[in-house]
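Subject: Structure for your review

Dear colleague,

Please find below the structure that I am handing over to you. My findings follow it, grouped by topic.

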Amino acid sequence: MTDKLALSLTVNGERHDVLAPAHRTLLDLLRDQLGLTGAKKACNAGICGACTVLLDGEPARACLCLAANVGDRPVTTVEGLSPGNSLSAVQRAFVDTGAIQCGFCMTGMIVSATALLDELPDPDVGQIREGLSGNLCRCSGYVKVVEAVQLAARYRREEMR
Amino acid sequence: MNKPLGADPLEGAIGLSLPRLEALEKAVGDARFVEDMTLPGMLHGAVLTSPHAHARIRGYDASAALALPGVKAVVTGEDFETRYMGLVVKDETALAKGKVRYIGEPVAAVAAVDQETARAALHLIEVDYEELPAVFSPEEAMAPGAPLLHEGYGSYFKIFDAVHEGNVLAESEIVGGDPDGAFQGADHVFENVYELSAQYHAYMEPVAALAQVDRDGRVTVWSSTQSVFRTQANIAESLGIPMARIRCISPRIGGGFGGKSEATVQPAAVLLAQKTGRPVRIALSRDEDMTTMRSRHPARLVCRTGVMADGTIVARSLDVLMDGGAYADDSPAVMMFAMYFGCGPYRIPNYRLSGRAVYTNKLRAGAFRGFGNPQGSFATESQMDEIAEALGLDPIDFRLKNALQPGDRWIDGHAIDSCTIRDCLEALRDGCDWTARRAQAAARARPGRRRGIGIAAVAHICGFMATSAFVRLLEDGSVALNTGAVDIGQGSSTALTQICAAALGLSPEQVRCVEADTDASPYNSGTNASRVTYMVGRAIGEAAEVVRNKILEHAGELLEAHPGDLELQPGGKVGIKGVPGKTVSFQEVSIRAHWGTGGPIMGSGSLVFEAGEMDPKTALATGFMSFNACGAYTFGAQAVELEVDEVTGQVEVLEVWSAHDVGRAINPGAVDGQIQGGVVQALGYALTEEMVWQDGRLANPSFMDYKIPGSLDVPHAIHAIVLEHAEPTHPFGAKGIGEPPIVGIAPAVANAIRQATGKRLRRSPMTPERVFRALADEGDGVGIDWPNGQA
């Protein structure tokens, strides 16, 4: 329908050359063109955080980011947090605490939690609540989510040893 | 049946806090929700919705849309015969036909090669409307000469004997004892009006459907639903396709809370797939989901209670008015459910419970976690505190004085098997250190704030409708469990797996829970009414019993022993009672059955409560859909401690305690999760969540303007207090916990605000503006902006 741009993106360590219209969001490109459906479209307006990905290591709303603006910044999606069959410490902690209910928001939550722990390896409850305040969840009431991040911090410390 | 918990070594799977069976795939991003699915040749669908609250459709012109490159089909009301669908009242068509009745109603649908083209085509469809006068509140709808939404209402099929008139789609009354005489004889009579706004379900996954129609016309639909069988029924009814030619499947579901009970866009997806011969996926955007799907009912309640000077309640009347929106959906049942809980968990000998559900030209209201009980309980549990205060009684003592006792019956004469409201209130009193916190509230408030703590009691029910289960022994001795129940994220598949494992002495890893699929699964009416763990658990118990007996017969042959002398042993073995060491495995049994004699081992169970009539010696009912004998009653009690900002009226919740008798916690971690999540959804309902309509147009269809709680908006200290008084009718004593946590929070918040500030709010949600007005002595918030909210 519209002219397409030739884009080159690095996603989860892999380079992808794709054609996309200028208005295509990173979220739609990931989901529809690269088959990476872990990031979810729950509000498509930058409010709920279900589409959170890491852009050059920083959490970003993929639904608000135009694919054409990504440039050479590496993109990490939830699929990229657990190479092969392994689980990241954060993913393991979310499973072990029973924080995951319907799971629709959880991929974004796990990406945000990963970014939070990259910055603050040992956050207190207040810092976790603050750090995840941009990720809406309708099932959990956030109690077990906070516990999951606390456990993830512990798992990460154990991995360091 | 009341065995001590954890006594039976076969039942090791019960009481384990296992993560969800599918937690891992959800954590790594592999879980497939409908919008994550594609099929070869799949087209993208989009839905055109009505811009008018009430209008006649004179015609359509889709030629410009069809001319757009990439558009493959347009369907409108001209593409199907008039056929109605609906659970309680059949009043909806697949797309609007003849008339539109709310802004946001699906009018036409497009299939195109991509999402952008489909949406672009919507703007090119011309619909010729003749606008009609509209009504936006029950009062307007009930006024003399009001425009009728459904002229043919009388001829619609209804599953109950409806009393109706004009836009009132259901009217009902239950009278027990002598309420008029009892009010006259009461020392004090309290009467107050309470109002609540509409709440949006806000499941994180907007509704989506993927439909495929094969060359023979057989339909397959993957959709975001709480019941594959209700989806199948909706498609069959609205499109006139035999159920045997419709297969409905649920992939992962991103929450439901009642809002995905009935189909909405699924028939439109089927129409497009039929027309194009290609798979079509429709995925609603968030604003479409908010304007098109459904809400919790706005309600106005008049509650009247007669008490004696010593605090004994002698009479209660509750009048429920519900704004049902443009289609009936579950409205009559929701309204009657609020009536059904009008006396709460209390002994009240004389009562008049009445209600009306009314059509208006707005989004349909429907099932939402709690199903009318949160609205009713806001009125009754707020007023309980108002009475206690007037009589100088402690709120918990006053409730205990009137609480139902074991052996008591519900207002319709239904026996209450395990009546534990007193235990819940006492557990809450201890759990939240009630007396001390109540006494110290004012002293502990931070500067500029006022602190209070409030409680509410909770009564609910788990059960309803038909359920079945298949349990099948696989060749290696493990088990396939198939129930047709859709896990919408609440964890039922995990809990049912644990129940099945325990029934056969297996570990959960030895049980495979099959996903709901109408082609393969036995009937389950849906994931509603806190019913799955209780109802399906019972059906599994029955099915497993059949399997167990067949296993014992085969084992008897293999062990040359009488089946009566045999016993199951943990891990899938059969042994001879009192003879250690001599066992056969389920695998040996199953191989014998598969290849030797008898045939593969399978068992089924099925269950429905007989909907008995109300006992006329107890109460007289008119227009009421009987809920008699439909499940097990559940009890709870909740407390909220909060602070109110004196300047802004902002409420900050500091701590919540939620005590519930769950019968037996099959998965304690999941029970805590249900309680914590329900409490937070209830805090949103009580404080910030309000759908606002202006002339029938939803003014806040986004998460920016409709505020669901985030992590900073609610306390981390949400204490689940779990009581386990085994329910005698369930094989492992379990009751439902899905809904009760949302029922008592709003009145507990109102009661806490009252203690904190001396002001009583009878209007929910208790937004900063409403609290601020109350602080400024501008009243309780009633009679101002109901039902359309605070613009």
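Predicted model: local features only at pLDDT ≥ 70, side-chain atom pairs only at ≥ 80, totals over all residues.

Chain A

The secondary structure of chain A consists of 5 helices and 5 strands. In sequence order, these elements follow the pattern β-β-α-β-β-β-α-α-α-α. The C-alpha trace of chain A spans about 50 × 35 × 25 Å along its principal axes. Its radius of gyration is 16 Å, which agrees with the value near 15 Å that a compact globule of 161 residues would have. Of the 161 residues in chain A, 58% are buried. Among the contacts in this chain with a separation of 6 or more, 59% are between residues 24 or more positions apart.

Contact between chains A and B

The contact draws 44 residues from chain A and 49 residues from chain B. On the side of chain A that touches chain B, the elements that give two or more residues are helices H2 (89-97), H3 (106-119), H4 (125-131) and H5 (143-160) of chain A. The largest share, 4 residues, comes from H2(A). By class, this side of chain A has 24 nonpolar, 13 polar and 7 charged residues.

A sheet in chain B

Chain B contains an open sheet of 7 strands in the order S3-S5-S1-S13-S10-S11-S12, with mixed pairing. Strand S3 (71-76) and S12 of chain B stand at the edges; each has a single partner strand, so one side of each is left without a neighbour in the sheet. On average, and with direction ignored, neighbouring strands of this sheet are turned by 20° against each other.

Within the sheet, strand S1 (residues 43-49) and strand S5 (residues 106-112) of chain B run antiparallel and are joined by 6 bridges. B:Thr49 stands opposite B:Pro106 in S5(B).

Two helices lie across strands of this sheet. Helix H6 (residues 228-239) of chain B lies across strand S11 (219-223) and S12 of chain B, at about 145° to S12(B). H7(B) lies across S1, S3, S5, strand S10 (208-213), S11 and strand S13 (280-283) of chain B, and runs at about 30° to S10(B).

B:Ile253

B:Ile253 is located in the loop between strand S12 (246-249) and helix H7 (266-276) of chain B. Is this residue, B:Ile253, buried or exposed? B:Ile253 is buried, because 25 other C-beta atoms lie within 10 Å, and the cut-off for a buried residue is 20 or more. Leaving aside neighbours within four places in sequence, B:Ile253 is in contact with A:Cys102 as well as with B:Glu205, B:Ser224, B:Lys260, B:Val486, B:Ile488 and B:Gly489. By contrast, B:Glu475 lies 222 residues from B:Ile253 along the chain, and their C-alpha atoms are separated by 31 Å.

The largest nonpolar core

In soluble globular proteins, nonpolar side chains tend to be buried together. The largest nonpolar core here has 323 residues, of which B:Ala109, B:Ala268, B:Ala269, B:Leu428, B:Cys500, B:Ile540 and B:Val749 touch the most other members. Helix H15 (residues 532-559) of chain B gives the most to this core, with 13 residues. Not counting residues up to four places away in sequence, B:Val749 touches B:Gly454, B:Val640, B:Leu642, B:Ala686, B:Leu687 and B:Met766.

With kind regards

Technical notes. Residues numbered from 1 in each chain as written. Chains lettered and ligands numbered in written order. Contact = placed C-beta atoms within 7 Å. Nonpolar A, V, L, I, M, F, W, Y, C, P; charged D, E, K, R; others polar. Buried ≥ 20, exposed ≤ 12 C-beta atoms within 10 Å, placed from the backbone. Pairing = 2+ DSSP bridges. Axes fitted to C-alpha atoms, helices over the stretch in contact; angles between N-to-C directions. Rg over C-alpha atoms; globule rule 2.2 N^0.38 Å. Core = buried A, V, L, I, M, F, W, Y, C linked by C-beta atoms within 7 Å.
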